[in-house]
Amino acid sequence: MSLILFGKNIAVIESMEILVIGDIIIDNYIIGECTRISPEAPVPVINVTKEYSTLGGAANVALNLAMLECECAIFGMLGNDENADKIKTMISENGIRDLTYIDIHHTTISKTRVISSNQQIVRVDREKLMTPAQEGVNLINSTLNSFAGSILVVSDYAKGFISEEVMREVRFHCSKNSKKLIIDPKGKNWRKYEGAYLIKPNFKELQEIVPFAINNTDEDIVRGSKYILDTFSIENVLVTRSEKGMTLCNKEVAKHFPTHEVEVYDVSGAGDTVIAVIADLLNQGQSLENAIKQSILASSYVVTKKGTYPIHKQELDRLSSK
């Protein structure tokens, strides 16, 4: 047995409104002062003054949902290490239902950023593909069968967990139970996302998946989105386009949503905020178009903050009332 489950009770997720499945990452930050260059090599010497960690990847989607006061659960794989302990502690502290499990053969994915004078000096990644063993695929079946909510979010960071086998089980569950499947995609295998209610690529991700050249123009985005709709039988395609806003395409409409001009400090985690706000508002019964407008407000706000910052309900309410 390569999995460590800690005897958790899957049945407790029956009351959860949204289930997030995906690649779980820990974002570590090392903050310090740089006053000299190393005599050993032409590199800056950082005197560390602060260190902290935040939830990243799929866990940041769940964190955004929790800060929006949505009952949510997170399912994913961790390694058998200190970073896994940190992640599980942060999940618990933020009121997220913890459905993570540990595979002793893997290492928890981490991104460590070294920052001085508000400038990122270097990022150190520790990762390898974390494809779930059959035991993990079996575990997702029991998780899905116990989930009574109406929306399931897949946060794919191309780290291996969102395999074809996992997505086959997710798609079957959503189709059988008429649940909305929302995808934040990565990589070039979009066949595994077939039949989703909504997929949210950014421009670069769309550019990489369509078999023809496109630019970040309204016409090309619509053309690329229609290819996705037809090829993968996806109901809605929402393309995030940086300063050009977002574009929604389905079989009825192609609509462009402008962004809000702000001074961008850090775009880390902004896509997680978008998908979380949309999932939360759809869960409340709001229209997709209104959810998109609110997600633009939210993402425009979080990029003005340092590091990965989750939007809070009070903050979104205040932005929406202006």
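Predicted model: local features only at pLDDT ≥ 70, side-chain atom pairs only at ≥ 80, totals over all residues.
Close-up 1. The volume of the largest cavity is about 30 Å³, and its lining is made up of Gly-22, Asp-23, Ile-24, Met-77, Ile-109, Met-130 and Phe-161. By residue class, this lining divides into five nonpolar residues, one polar residue and one charged residue.

**Close-up 2. Strand β3 and its antiparallel partner, β4.** Strand β3, residues 24-37, runs antiparallel to strand β4, residues 44-57, and the two are joined by 13 bridges.

**Close-up 3. Strand β3 and its parallel partner, β9.** Strand β3 also pairs with strand β9, residues 109-116, to which it runs parallel and is joined by eight bridges. Here Ile-25 stands opposite Ile-109 of β9, and Ile-109 is also among the residues that line the largest cavity.

**Close-up 4. Helix α7 and the glycine that follows.** Helix α7, which comprises the 14 residues 270-283, reaches 20 Å from its first C-alpha to its last, close to the 20 Å expected at 1.5 Å a residue. The helix is mostly covered, with twelve of its 14 residues buried; among them are Ala-270, the acidic residues Asp-272 and Asp-280, and the run from Thr-273 through Val-274, Ile-275, Ala-276, Val-277 and Ile-278 to Ala-279. Leu-281 and Leu-282, towards the end of α7, are likewise buried. After α7 comes Gly-285, which has a positive phi, near 95°.

Note on methods. Residues numbered from 1 in each chain as written. Heavy atoms only, no water. Pairing = 2+ DSSP bridges. Helix = DSSP H or I, 4+ residues; strand = E, 2+ residues; numbered from the N terminus. Expected span 1.5 Å × (residues − 1). Buried < 20%, exposed > 50% of the residue type's maximum accessible area, 1.4 Å probe, protein only. 1 Å grid on protein atoms, 1.4 Å probe; cavity = no way out; pocket = protein on both sides within 12 Å on 5 of 7 lines; lining within 4 Å. Points joined across faces, edges and corners; volume = space filled by probe spheres on them. Nonpolar A, V, L, I, M, F, W, Y, C, P; charged D, E, K, R; others polar.
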